[in-house]
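Student: Could we go through this model together? I would like to begin with its overall layout and then turn to details.

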Amino acid sequence: MNNLRPVGVIGTGKYVPEKILTNSDLEKMVDTNDEWIVSRTGIKERHIAAPDQATSDLAYEAAMKALESAGMTGSDLDLIIVATITPDSAFPSTACILQDKLGAKGAAAFDLSAACSGFVYGLATATSFIQSGMYNNALVIGADCLSRITDYTDRNTCVLFGDGAGAVVIGEVPEGRGFKSFDLGAEGAGGGLLQLEGGGSRLPASAETVENKKHYIYMNGREVFKFAVRVMGTATDEVLRKAALERTDVDLFVPHQANIRIIQSAMQRLELPEEKVVVNVDKYANTSAASIPLALVEAAEEGRMKAGDTILMVGFGGGLTWGASVLVW
Ligand SMILES: CC(C)(COP(=O)(O)OP(=O)(O)OC[C@H]1O[C@@H](n2cnc3c(N)ncnc32)[C@H](O)[C@@H]1OP(=O)(O)O)[C@@H](O)C(=O)NCCC(=O)NCCS
């Protein structure tokens with residue numbers, strides 16, 4: 001990517017809904033306890049969208065902040081990508097709903113489905129468009145309302161997820177900065193390990209699909225755990241190799257926030273000290289596509305990166321998919 005127009009982050013924003021669901025709240029809903037949840041996942045609480053909030057509403061709040069921090073308005077955008085697995089509806093896309101709300105007249109807009117890897121997939125897609133000269137300023141958002149597809153009678157899954165949105169504006173940056181490499185991948189054969197079966201063309205919504213809980217997340221936690229630990233390591237090594245960098249060159253590691261044990265195993269494998277790793281899974285749980293941008297934006301807001309720092313983002317999720325990127329801040 002070295003000879004191409006340098007593209008990087010020029011604005012950031014995040015949003016989480018007001019309502020907080022704590023582990024002790026969940027203790028009243030299913031047979032679980034704070035000790036189990038914290039020791040197995042590191043999660044203490046998660047934010048839950050209000051009944052009248054949909055994914056585009058969360059995305060809008062994050063987008064407005066990102067535009068403001070870039071010193072832009074919607075009319076400066078020529079591309080909007082919303083990474084989500086919980087769009088407002090099957091169509092129009094959540095990105096189109098947002099394009100209208102933001103006044104981004106004429107901007108191209110589409111949703112991208114790569115589950116928890118979606119934000120990194122979105123960054124790679126938008127970067128390619130900008131590097132090719134087709135567009136100049138893109139808004140990339142990871143936003144999900146997983147509470148809408150979570151079965152709050154299933155203790156195996158309901159403790160793990162939350163709602164939120166993170167957004168970045170990307171565009172041309174000074175030479176030497178910006179995205180240095182991407183590593184995207186998929187293992188479709190493992191798709192059945194983490195899925196929502198109902199409501200699509202294979203299994204359209206019916207009284208039977210509702211009865212059989214086919215509109216909720218199904219997950220084989222143990223197998224997804226093994227996949228996650230494996231690809232966090234391989235994707236990180238691969239994206240560093242593509243950027244011609246060493247592990248020791250990483251200033252800040254921004255992993256997908258699914259489970260503290262997965263993050264810790266990646267830290268150990270990559271020999272990264274705690275202060276170089278962003279962790280906020282305790283506050284937000286797994287917010288799918290919003291997870292990496294929420295962590296990235298929060299770290300930026302806390303002043304954890306300075307110009308020229310090397311940031312490594314890596315995520316994994318349904319598909320199965322993974323995505324990693326090296327970004328010079
Ligand atoms: C889900 C996960 C936390 C479960 O942890 P685990 O250590 O693998 O736990 P197990 O699946 O072995 O379950 C152990 C026991 O705890 C029970 N359990 C599950 N959820 C529980 C909960 N919320 N509270 C109390 N007990 C629970 C199980 O029923 C099981 O009981 P059993 O042995 O009597 O059957 C873990 O597998 C995980 O994080 N997987 C990856 C999930 C993920 O990241 N998904 C998103 C990808 S983007």
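Tutor: The discussion below takes up the domains, their interface, some side-chain pairs and the backbone.

Student: Before that, what kind of model is this, and what limits apply?

Tutor: This is a predicted model, in which local features need pLDDT of at least 70 and side-chain atom pairs count only at pLDDT 80 or more, while totals for chains, interfaces and linings use all residues. Residues are numbered from 1 along each chain as its sequence is written, and side-chain values use heavy atoms, with hydrogens and water left out.

Student: Which domains does the assignment give?

Tutor: The protein chain is assigned domain 1 (7-176) and domain 2 (179-328); such bounds come from an automatic or database domain assignment. The C-alpha centres of domain 1 and domain 2 are 14 Å apart.

Student: How many residues of each are in contact?

Tutor: In domain 1, 51 residues are in contact with 46 residues of domain 2, where contact means heavy atoms within 4.5 Å.

Student: And what area is buried between domain 1 and domain 2?

Tutor: About 3700 Å² is buried there, and carbon and sulfur atoms give 66% of it. Buried area is the accessible area (1.4 Å probe) that two parts lose on being put together, summed over both. Of the area that domain 1 buries against domain 2, Lys14, Cys116 and Val120 supply 18%, more than any other three residues.

Student: What does Lys14 form a salt bridge with?

Tutor: Its partner is Glu301, with the closest N and O atoms 2.8 Å apart. A salt bridge here is a side-chain nitrogen of Lys or Arg within 4 Å of a carboxyl oxygen of Asp or Glu. The rule finds 2 salt bridges across the interface of domain 1 and domain 2.

Student: How do the residues on the domain 1 side divide?

Tutor: The side of domain 1 that touches domain 2 has 24 nonpolar, 19 polar and 8 charged residues. Ala, Val, Leu, Ile, Met, Phe, Trp, Tyr, Cys and Pro count as nonpolar, Asp, Glu, Lys and Arg as charged, and the others, Gly among them, as polar.

Student: Moving to the whole structure, how many salt bridges does a search find?

Tutor: The search finds 14 salt bridges. One of the pairs is Asp31 with Arg155, whose closest N and O atoms are 3.6 Å apart. Asp31 lies in the loop between helix H1 (23-27) and H2 and Arg155 in helix H6, so this pair ties together parts 124 residues apart in sequence. Helices (H or I, at least four residues) and strands (E, at least two) are DSSP runs, numbered from the N terminus.

Student: Changing topic, where are the cis peptide bonds?

Tutor: One joins Phe91 and Pro92, with omega about 0 degrees, and Pro92 is in the loop between strand E4 (79-83) and helix H4 (94-102). Another joins Gly319 and Leu320, with omega about -10 degrees; Leu320 is in the loop between strand E12 (310-317) and E13.

Student: What is phi of Ala115?

Tutor: Phi of Ala115 is near 50 degrees, a positive value in a residue other than glycine. Most residues other than glycine have a negative phi, and most peptide bonds are trans. Ala115 is in the loop between strand E5 (108-112) and H5.
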